[in-house]
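Good morning, and thank you for coming.

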Amino acid sequence: MPGFSRDGRRRYVLILIVLTAITLITLDQRADDKGPLGGTGRVAHRIVAPIAGAADRVFSPVGDWLAGLTDGGELRRRNRELTEALLEERAKNRAADAAIAENREYRRLTGEPWLDDIDHEWASVIAGAPGNFERTIVLNKGSEAGIEAGFPVVGPDGLVGRVLEAWDGGSKVLLVTDGTFGVAVQLTEQRIRGPAEAQAESRTLRLNLNVADVTEEQIDAIERGDDVQTCGCDGSEFPPGIPVGEVEQVELKPSQISVEIRIRPLLEVASLDHVKVLLWRAGDPVPASLTPTTTTTTTSITPGSTIATPTTTAG
Amino acid sequence: MRFFGPRLVPLAVTIVITQVALFPQLRILGVVPDLGLVAAVAVAYRLGAEPGAWFGFAVGLGYDLFLHTPTGLSALAYALCAYLVGSLERGLLRRGRWLPSFLGLAGGFVGGSIFLIVGVLAGVTDLGTVRAVSIETRVALYDALVAPAVFALVNVVLRDEQPAWRFRDD
């Protein structure tokens with residue numbers, strides 16, 4: 001008797017599932033978290049957030065123990081480095097405190113707000129990325145605290161990332177080390193500005209510059225360890241002055257028309273417990289004194305000239 | 001086909017909540033396992049390709065709601081992998097304590113490969129890197145580690161159901 005064989009039914013089910021999944025993928029890509037799928041995700045986050053918070057409190061020691069099993073040697077090495085750095089930094093802190101206080105007083109006298117004067121919300125990190133292909137964290141505050149998608153997030157060392165989505169009771173932050181992250185930066189000393197993009201293959205950010213836009217002297221002056229901050233350029237999602245990272249390597253590309261600057265982010269996710277969400281978005285007023293100026297010339301680098309490429313060690 | 005919803009829906013919800021709330025704290029070598037994928041493979045092995053595919057689609061879709069990758073990507077990968085296992089289960093050995101780990105490892109590789117390939121086709125370029133392949137390899141190993149527990153859980157939930165491989169008269 002002709003009919004729908006078992007194999008035929010199974011093939012029909014498979015085709016139906018595949019078509020449905022492809023439709024969902026397409027809709028999600030088009031709506032970009034603004035459609036019903038994004039709204040459903042925010043509701044799901046809101047439902048699971050209390051469980052995630054409780055699990056974080058209970059299972060963090062277990063996670064730390066597991067990390068110790070696999071990363072013990074690296075942790076001990078890192079501990080020694082941090083202890084030495086801490087002793088060095090303590091010696092600098094006393095002089096730095098006085099300088100900061102003097103600078104803050106000067107800025108207040110001239111009417112220039114500090115980053116601290118931007119409205120913000122403190123939040124705690126309650127969970128890491130739920131998946132394996134994203135570098136995100138989940139915070140314990142969201143839309144009820146005025147947090148919205150796109151807000152910058154900073155930590156003790158500098159830029160952490162930006163808010164991806166917010167719901168009542170929590171929010172998800174895209175970290176500066178995620179492969180899809182980008183930020184307009186400037187090298188503080190040399191006043192070189194440009195868009196830095198994170199790399200999926202590594203934790204570094206890459207700033208590619210056209211050699212026609214910078215002088216040879218500026219490039220020669222770049223050294224490993226130079227500070228990199230947000231530049232707050234026109235339309236940037238981040239206000240100026242937020243530390244982003246340090247220069248790790250400078251390389252003139254074989255084409256001789258571009259220079260690649262690799263930036264090591266200051267972000268240390270493992271030790272990140274509390275962050276500050278800046279209630280600020282692109283277009284909000286920023287005092288002119290916080291907007292950096294750029295001094296570039298159009299002198300090209302002559303072919304055959306050498307570009308300083310400091311030796312690097314894996315970090 | 002019998003309706004397994006009253007048993008599998010709570011199982012799917014439990015799997016998703018455990019995946020997103022608990023396992024980010026239990027990373028090994030920097031990765032979390034694909035609990036939903038392993039559970040879908042277990043359901044497919046127990047009940048057959050069709051229930052496995054539906055279960056994989058549902059639990060994958062629930063997981064996708066919490067991810068930055070496109071919604072539907074995990075659903076598709078889990079469903080296809082479970083369907084494949086359910087279609088091939090007649091050729092598998094029935095006994096052996098190693099079978100859940102083997103299916104978890106194989107399912108992790110197959111499901112992970114589908115996830116990466118479809119993700120690249122959908123425009124997620126981060127999934128087409130050497131790092132992504134390294135991640136999926138570690139995930140598959142973690143899947144093999146958790147598979148015995150997941151298979152045992154699925155067997156408990158479906159304890160009254162005869163395994164699909166016992167019905168040979170198609």
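This is a predicted model: local features need pLDDT of at least 70, side-chain atom pairs count only at pLDDT 80 or more; totals for chains, interfaces and linings use all residues.

How many disulfides does a search of the whole structure find? Over all chains, the search finds 1.

I turn next to confidence. For the complex, the predictor gives an ipTM of 0.83 and a pTM of 0.75. Chain B has a mean pLDDT of 88, and 88% of its residues reach 70 or more. One stretch of chain B, residues 166-170, has a pLDDT below 50. Beyond near neighbours in sequence, residues 166-170 of chain B have 4 contacts in the model.

Now to the place where the two chains meet. On one side, 53 residues of chain B are in contact with 50 residues of chain A. The size of an interface is often given as the accessible area lost when the parts come together. Here, chain B and chain A bury about 4,400 Å² between them, and 65% of that area is on carbon and sulfur atoms. Which three residues supply more of the area that chain B buries against chain A than any other three? They are B:Gln25, B:Phe66 and B:His68, which together supply 17% of it.

Let us consider the polar side of this interface. Between chain B and chain A, 12 residue pairs are in polar contact, counting pairs with both residues at pLDDT 80 or more. As for which elements take part, helices H1 (5-22), H3 (49-64), H4 (73-88), H5 (99-121) and H6 (130-157) of chain B each give two or more residues to the side that touches chain A. The residues on that side of chain B divide into 36 nonpolar, 10 polar and 7 charged.

Finally, I come to charge pairing. Side chains of opposite charge can pair when their charged atoms come close. Over all chains, the search finds 13 salt bridges. B:Glu50 lies in helix H3 of chain B and A:Arg9 in helix H1 (residues 6-31) of chain A, so this pair joins two chains. The closest N and O atoms of the salt bridge between B:Glu50 and A:Arg9 are 2.9 Å apart. Across the interface of chain B and chain A, the rule finds 1 salt bridge.

Thank you for your attention.

Definitions and conventions. Residues are numbered from 1 along each chain as its sequence is written. Chains are lettered from A and ligands numbered from 1 in the order in which they are written. Side-chain values use heavy atoms; hydrogens and water are left out. Contact means heavy atoms within 4.5 Å. Buried area is the accessible area (1.4 Å probe) that two parts lose on being put together, summed over both. A salt bridge is a side-chain nitrogen of Lys or Arg within 4 Å of a carboxyl oxygen of Asp or Glu. A polar contact is a pair of N or O atoms within 3.5 Å; within protein, one must be able to donate a hydrogen and the other to accept it, and residues adjacent in sequence count only if both atoms are side-chain atoms. Helices (H or I, at least four residues) and strands (E, at least two) are DSSP runs, numbered from the N terminus. Ala, Val, Leu, Ile, Met, Phe, Trp, Tyr, Cys and Pro count as nonpolar, Asp, Glu, Lys and Arg as charged, and the others, Gly among them, as polar. pLDDT is the predictor's confidence in each residue, from 0 to 100. A disulfide is a pair of cysteine sulfur atoms within 2.5 Å.
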